[in-house]
Amino acid sequence: MSDAPADRPLRVLLIAEAANPEWTSVPLVGWSHAKAIRERCDAHIVTQIRNKPAFERAGVDPAIYTAIDNEHIAGRAFRIAQKLGLSKGKAWTIASALGTVAYWEFERLLWNRFGGAITRGEYDVVHRLTPLSPSTPSPLAAKCARAGVPFVMGPINGGVPWPQHYRHLQRREGEWASALRPLGRWIPGYTSTRRHASAIIVASRSAADELAEPYRGKQVYMPENAIDPARFPPPPSRDRIELPLRVAFVGRLVPCKAVDLLLEAVAPFARDGRLTIDIIGDGPERDRIERTIRQECIESAVTMPGWIDHHKLHERLGGAHVLGFPSVRDFGGGVVLEAMALGVVPLVADYAGPAELVTDATGFKIPLGTPAQLVARVRESFAEILDAPERLLPMARAARRRVEALFTWDARAAQSVRVYEWVTGRAPKPDFGMPFPDTETHFPIHRDTDQAVHDAVPEAVIDPP
């Protein structure tokens, strides 16, 4: 516990090895989360040297961040991962394992630079934002414990089991190494990290389930993704929806995203002119998807613009009515929040990360089943939407309100600060619910972010007696 005065802003050392405003996925998560926390705390960000040029272009004050140069290992690990399949959007488990080796060196150099300041109590909290991988240990946790400084880990996410009926997609993804994930518990430092951490932020129920019983009292649930309202402004008000229904998919074109199953499901409606679909993204499945489009004779209803700069994505995605995202294995699902922020109603497979973001008031969660069952269920849902498209209007408004209340980066920073207050003895342990509650049916929404975060979860849950 810290003896920091309660009226002084918390001093936090933020470890965001992956943090880059110009990239997507984990680096953008690391950047956005760190930046939002920095606005609420006296925080210093520690990142990897490859991110320094982007920090400079973003005008970040050099005094508030430090770039650690472990490229002599990280660069080699990345090149090996590229050769093993990462360059084709595959072999993510292998890339994560190689990244663990590089991260050990990153933390060693970090301790050389900041170990003295941590030991002297110059920081109230040390928080590892990235890596997100739960398998990557942090030797820093034990060192912080010896120094009497709380170490916070997370959000951690990953390791979602492959659904039994989709193992063929696992093979196409080149994810044979995911079968070896249980061995990650034997990585040196894995158990020590959890034993010495003061708090472990889990980003999904799957990550919570993986946490061993002795450490569950340390866990706080907080999804990894959020949105920047400046990048995703409120959508124009709609009072009706005219056909054709506009559907969008956004993401890597890889097997687990199941874009071919989405196309198969909507093909009858695309052929009769009641639906169009915009496939935004690129990847190794593009040829297969193009073949599916030809086989289903829906060329006139499908567009494939490839990747769109993430700063311009809202312009394209915001024109859709529905986000079609039947991914069968997705850890986070940040694009689901982006769609909701734009008033685009998500349709997701009821499995893993995306299903924890969507409620019945804000979207459609489709039971997984076999591939044939998933196709049939997605088709049935779109048939119901097309029969009464106006039902999307209140769902779109509810989706936007849910994101505003719980899933902005400022809300995420406010939640993080509550964790810091807990581990430093300033407040009781927070519990925001798992998943976050349905704000539409239970709690009011307020414009002020702090009030929204507080009021969107009952007091008895945030501050249990």
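Me: Of the 465 residues of the protein, what share counts as buried?
Reply: This is a predicted model, where local features need pLDDT of at least 70, side-chain atom pairs count only at pLDDT 80 or more, and totals for chains, interfaces and linings use all residues. Residues are numbered from 1 along each chain as its sequence is written, and side-chain values use heavy atoms, with hydrogens and water left out. Buried means under 20% relative accessible area, exposed means over 50%, and partly exposed is in between (1.4 Å probe, protein chains only). Of the 465 residues, the share that counts as buried is 57%.

Me: How many helices and strands does the protein have?
Reply: Both are DSSP runs numbered from the N terminus: helices are H or I with at least four residues, strands are E with at least two. On that basis, the protein has 19 helices and 13 strands.

Me: Which residue of strand 6 is the bridge partner of Ile-156?
Reply: Strand 5 (residues 151-156) and strand 6 (residues 199-202) run parallel and pair over 3 bridges. Across from Ile-156, the bridge partner in strand 6 is Val-202.

Me: In the open sheet of 6 strands, which strands stand at the edges?
Reply: The strand order in this parallel sheet is 10-9-8-11-12-13. Each edge strand has a single partner strand, so one side is left without a neighbour in the sheet. The edges are strand 10 (302-306) and strand 13 (364-366).

Me: At what angle do helix 12 and helix 15 pack?
Reply: Helix 15 also lies across strand 8 (245-250), strand 11 (322-325), strand 12 and strand 13. The axes of helix 12 (residues 334-341) and helix 15 (residues 392-406) are 7 Å apart. The two helices pack at about 115°.

Me: Which residues of helix 12 make the contact with helix 15?
Reply: Contact means heavy atoms within 4.5 Å. Helix 15 brings in Ala-396, Ala-399, Arg-400, Arg-402 and Val-403. From helix 12 come Leu-337, Met-340 and Ala-341.

Me: How many disulfides does a search of the whole structure find?
Reply: A disulfide is a pair of cysteine sulfur atoms within 2.5 Å. Cys-144 is buried because its relative accessibility is 0%. The number of disulfides found in the whole structure is 0.

Me: Is Cys-297 buried or exposed?
Reply: Cys-297 sits in the loop between helix 10 and strand 10. Its phi is near 55°, a positive value in a residue other than glycine. At a relative accessible area of 54%, Cys-297 is exposed.

Me: Is Ala-258 buried or exposed?
Reply: Ala-258 lies in the loop between strand 8 and helix 9 (259-271). Phi of Ala-258 is near 60°, which is positive for a residue other than glycine. With a relative accessible area of 1%, Ala-258 is buried.

Me: Which residue does a cis peptide bond join to Met-434?
Reply: Omega of this bond is about 0°. The residue in question is in the loop between helix 16 and helix 17 (439-442). It is Pro-435.

Me: What distance separates the C-alpha atoms of Ala-388 and Ile-241?
Reply: Ala-388 is in the loop between helix 14 (371-387) and helix 15, and counts as partly exposed at 23% relative accessibility. Along the chain, Ala-388 and Ile-241 are 147 residues apart. Their C-alpha atoms are separated by 9.5 Å.

Key
Axes fitted to C-alpha atoms, helices over the stretch in contact; angles between N-to-C directions. Pairing = 2+ DSSP bridges.
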